[in-house]
Amino acid sequence: MNSSDQRRKRKRILRHSDSPPFSLAHVLSVRSLASCFSFVAFLYLLSFTKIPFSSSSLFRPVLVVSSLPLLSSNSSTPPTSKPVAGFPFPLKIENRVLFPDHVLLLVASVAAENDGFTKDTAAAADELECVYSGKTLFSSLNFSVKKVLSVGKYDDFRSVIRCPLPSANYSADLNLRRRGKNRIFFRSNRTLSSCSWDNLSYAAALDGGTVIVFVKGLNLRADKESDPSGFTCHFRLRKQDKNGNSILKTKALTAAQEIVRCSLPTSIQENPNHIRGARVTVGSRHRINGRDFTMPSVAKISNLVSHGKSRRKYELCVCTMVWNQASAIREWITYHAWLGVERWFVYDNNSDDAIDDVIQELENENFNVTRHLWPWIKTQEAGFSHCALRAKDECHWVSFMDVDEFFYFPYSTRGHQSFRNLGYAGPNSLRTLVSNLSMSSSRSGGSNIGEIRTTCHSFGPSGLKSRPTQGVTVGYTCRLQSPERHKSIVRPDALDKTLLNVVHHFHLKKGFKYLNLPESVAVINHYKYQVWEVFRAKFYRRVATYVVDWGENQNEGSRDRAPGLGREAVEPPDWPRRFCEVFDTGLRDFVLSNLADFSTGLLPWEVKSALD
């Protein structure tokens with residue numbers, strides 16, 4: 001090699017050694033290759049995911065199951081159609097609702113929305129997990145997993161799955177997966193965000209030629225009827241009506257508290273069943289800017305048809321709303337069945353103490369009781385209105401009361417023979433009382449008594465420090481002297497069309513009146529202030545809409561609070577001796593005399609406990 005060739009070779013080597021290891025052209029080529037790969041991967045994802053589109057902003061899209069794994073792109077597990085603990089598969093998450101202490105998912109079957117759901121809710125809860133993704137772009141590939149709180153059937157179309165709130169930096173727009181599996185119910189459209197519980201149409205039911213919509217966030221006054229002219233109902237039908245329309249609107253007929261009643265669209269009034277399962281929401285006009293707006297909605301229209309065992313109307317039924325009353329409900333139902341109650345509607349407000357198992361046992365023992373999942377917090381008034389609609393076709397009279405409230409009949413004197421026979425009350429006394437009132441009203445020329453009000457006496461811990469083993473009716477024997485409030489038995493057909501109530505009583509149609517029962521005829525023993533381990537649960541949350549929770553610093557002098565307790569769930573040293581002004585053993589003696597077994601001395605609810 002000559003000298004000139006050697007010099008040219010050295011220059012080429014020096015030129016390559018001075019250049020950067022990656023030139024701009026090289027970087028751009030790698031970036032282009034990565035972009036192309038990402039785009040191909042995105043198209044691959046779309047090919048495995050069905051994306052529903054909606055023509056209306058009022059009704060949200062759904063989540064459908066993805067055939068792709070969540071955590072691993074290398075998963076070789078094939079798609080499966082195995083049901084989740086009896087649920088029809090695949091499932092779809094129709095809506096999420098964000099509550100202060102949990103996230104609620106409304107879940108249906110993709111294949112057949114009218115399919116039933118399993119009664120083994122515990123198995124379903126054990127098989128599912130809540131999956132949360134990170135909030136930010138960099139954390140969106142990170143996932144947090146938590147155990148499902150509860151699973152239960154909600155209506156004819158959907159079930160409810162409750163999940164804990166997400167941890168910090170994780171989104172409440174959560175999904176589901178089978179426990180221990182990587183497959184999820186995939187969010188197919190980012191517009192499906194969580195609904196806020198503060199503003200939401202949450203339930204709906206047919207009532208004749210009208211629809212009742214239950215709405216949170218209208219901020220209407222308690223116990224007052226509002227002007228309905230500012231409200232409308234918006235329907236999205238599952239199928240087009242005879243005019244080819246699928247989205248319809250009607251005017252409101254009444255508005256009060258959390259309830260708006262609207263007429264059905266003219267095109268479907270001839271066959272209201274066509275609207276069953278349709279989405280509905282409420283529209284209103286903003287008070288400040290005057291603009292029309294519609295509430296987000298998870299409400300589907302139900303027809304609250306009778307599922308009772310008998311086609312005849314029951315003379316006396318009971319509606320109640322409960323949270324974690326599994327230990328108390330057997331005594332309450334057994335005792336009032338002896339007094340003549342024939343049918344129970346139990347609205348379960350997110351209990352987690354296996355009360356559904358207790359209710360199933362009672363049903364198996366021929367107590368005519370059904371549990372209805374009511375997941376909407378602080379809506380007792382609306383829940384009672386909903387129950388009144390449900391009971392309307394089954395019951396002549398319906399009592400609205402809590403499971404710590406017990407009717408008691410003192411010894412009857414001659415002055416009250418119009419209500420019941422002389423002497424001590426016998427079996428079916430409560431049913432006989434309402435039946436006699438119905439007959440006496442008819443004989444007098446008109447059945448104008450629409451409500452019977454009974455005074456409540458509040459009982460205290462009565463010196464006890466632990467739950468009474470024979471039940472509340474026997475264990476608590478000391479009460480306040482003056483009565484507190486009342487509870488009512490109503491005729492559903494006598495209720496005002498607004499369905500207005502304040503828990504203790506309803507508004508009645510014109511022409512109907514209420515009757516106050518004398519205390520010498522009947523009273524309600526309200527075991528309100530029980531031993532501390534029971535009573536402190538009241539600090540968790542009050543169920544009534546217009547009653548402030550005890551943890552808040554409002555209305556601290558209200559009769560709805562325990563005097564002298566304040567806002568903290570701290571047991572006062574003298575709690576067992578509080579609220580004791582009058583010793584009253586009337587109901588205790590009555591129960592032991594009439595319901596105890598002659599040979600063993602056990603009460604009916606004790607017999608069941610002994611067998612367990």
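How much of the protein counts as buried? Of its 612 residues, 51% do, where buried means under 20% relative accessible area, exposed means over 50%, and partly exposed is in between (1.4 Å probe, protein chains only). Keep in mind that this is a predicted model, in which local features need pLDDT of at least 70, side-chain atom pairs count only at pLDDT 80 or more, and totals for chains, interfaces and linings use all residues. Residues are numbered from 1 along each chain as its sequence is written, and side-chain values use heavy atoms, with hydrogens and water left out.

Let's start with the overall picture. The protein has 11 helices and 30 strands; these are DSSP runs numbered from the N terminus, H or I with at least four residues for helices and E with at least two for strands. Take the contacts (heavy atoms within 4.5 Å) between residues at least 6 apart in sequence: 72% of them join residues at least 24 apart.

Now look at strand β17, residues 279-285. Because 6 of its 7 residues are buried, β17 is largely enclosed by the rest of the structure. Two strands count as paired if DSSP finds at least two bridges between them. Strand β14 (residues 231-236) runs antiparallel to β17, with 6 bridges joining them, and here phenylalanine 231 sits opposite serine 284 of β17. Strand β18 (residues 292-294) also pairs with β17 in the antiparallel sense, over 3 bridges. There, glycine 283 has threonine 294 of β18 as its bridge partner.

Cysteine 317 and cysteine 395 have their sulfur atoms 2.1 Å apart. That pair connects β20 (residues 314-322) to strand β23 (residues 395-400), across 78 residues of chain. The sulfur atoms of cysteine 319 and cysteine 387 are 1.9 Å apart. Cysteine 319 and cysteine 387 are both buried. Counting bonded cysteines along the chain, the disulfides follow the pattern 1-2, 3-4, 5-8, 6-7, 9-10.

The loops are worth a visit too. Arginine 158 lies in the loop between β6 (150-153) and β7 (159-163), and at 1% relative accessibility it counts as buried. In another loop, between β27 (486-490) and β28 (513-516), you'll find histidine 504. Why does histidine 504 count as buried? Because its relative accessibility is 19%. Leaving out residues up to four places away in sequence, histidine 504 touches Arg485, His486, Lys487 and Ser488.

Finally, turn to helix α10, residues 586-594. Its buried residues are Gly586, Leu587, Phe590 and Val591. They cover an arc of only 125° around the axis, which puts them on the same side of α10; the arc is that of the directions from the helix axis to the C-beta atoms.

Methods
Disulfide = S-S within 2.5 Å.
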